[in-house]
Amino acid sequence: MAIQQELKKRNKQTCLHDKHLSLGAMMVSFGGFDMPLLYQSAGIAPEHMAVRERVGLFDVSHMGEVTVRGVDAERYVQHIFTNDVKDAPIGKIYYGMMCYEHGGTVDDLLVYKMGENDFFLVINAANIDKDWAWMQQHAEGFDIDLRNVSDDYGQLAVQGPEAEHVMETVLGIPCKELTFYTCKTVRVPEEIIVSRTGYTGEDGFEIYASHDCIRTYWDQLIDAGVQACGLGCRDTLRFEVGLPLYGDELTEDISPVMAGLSMFVKFDKPEFIGKEALLKQKTEGVGKKLVGIELNDKAIPRHGYTVLKNGQPIGEVTTGYHTLSTDKSVCMALIDSAYAQLGTEVEIQIRKKVFPGTVVKKQFYNKNYKK
């Protein structure tokens, strides 16, 4: 008990921490924050299905935010980011990675084009300090104003088929005109950032605002009957549609090419950190690839479990679940490239037993984004 209390002292709290406690949330340590794992005594399933079938509400205020402004803002973002933001229209959002020189991943992130020479970067909570130090390290020679504004913002994610209706009717935030991966600023009455991206495979929106504003919106949504959702179903939802989680499918040792995310690496850009190493991986191949595996059994493959071929280790599971939307035991795994072809039969060691499986596509459930 003393250890748990000490951990809580060390963890940061989002602006909604007391709201989670009042709803009886099960709290866990994640990315240095005390965060809700789930609210339902019945488990993750009701929250997961609320997002798939109706709408769910997530506190994602633990995420980090960095602003890049100045005459060299675009040139700097181009230098540190794998995707291509050159001449991007205002309001456009890009997904991509920041990479080390050897091709490994610093972090995956979203880059918002807020205005001319004005970018808003959204990074993973567990990587805020590391990312910030790395960004500062590579800012030399650029005429920019680089700021870590993570403590200034709270963030909500409203996800599910009814998300647009809830945003418009409950919060009064106009958002119908936003298409997938776009954003805008709105005054209602204070200035907030609204975007349409999501991390669940469903239509959804994000709201970045002051802590007080986020608390007000949270109360309005909960009072309107929107289901509060924790990190538990956030992980099951993103996993089902094949979205990566930093620390599992992307790491310092797992590059975007290995993870099958080359579409977000624009090799026709003149330069970016890690380009040479990633281009070599793309052209010459990599020793490991991220794949999906479906088991013929209901046993659940967990992170770190060994993948075998003819009894010999060929890789490890990165994330695995018995999916709530498709009722199948599946996982993503980093395995030897020689066995990454679809349809390849493999085995997974789960405790003391070995279960047969088949290499399949990493997307286990069809996405339902609004294009």
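**Helix α4.** I looked up what the buried residues of α4 pack against in this predicted model. The partners are the strands β5 (64-69), β6 (93-99), β7 (105-115), β8 (118-123) and β9 (145-148), along with helix α5 (128-137). I then listed the buried residues themselves: Ala73, Tyr76, Val77, Gln78, His79 and Ile80. That makes six of the eight residues of α4 (residues 73-80), so the helix is largely enclosed by the rest of the structure.

**Second largest pocket.** I found Gln78 again here, in the lining of the second largest pocket. Glu74, Arg75, Asp84, Lys86, Lys269, Pro270 and Glu271 line this pocket too. By class I noted six charged residues, one polar and one nonpolar. The space in the pocket comes to about 150 Å³.

**His20.** I moved on to helix α2 (residues 17-22), where His20 sits. Is His20 buried or exposed? I read a relative accessible area of 0%, so His20 is buried. Leaving aside neighbours within four places in sequence, I got contacts from His20 to Thr14, Ala25, Met27, Pro36, Tyr39, Asp59 and Trp218. I also checked His20 against Gly230. They are 210 residues apart in sequence, and their C-alpha atoms are 9.4 Å apart in space.

**Confidence.** I checked pLDDT last. The chain has a mean of 95, and 97% of its residues reach 70 or more.

Conventions: Residues numbered from 1 in each chain as written. Predicted model: local features only at pLDDT ≥ 70, side-chain atom pairs only at ≥ 80, totals over all residues. Heavy atoms only, no water. Helix = DSSP H or I, 4+ residues; strand = E, 2+ residues; numbered from the N terminus. Buried < 20%, exposed > 50% of the residue type's maximum accessible area, 1.4 Å probe, protein only. Contact = heavy atoms within 4.5 Å. pLDDT = per-residue confidence, 0-100. 1 Å grid on protein atoms, 1.4 Å probe; cavity = no way out; pocket = protein on both sides within 12 Å on 5 of 7 lines; lining within 4 Å. Points joined across faces, edges and corners; volume = space filled by probe spheres on them. Nonpolar A, V, L, I, M, F, W, Y, C, P; charged D, E, K, R; others polar.
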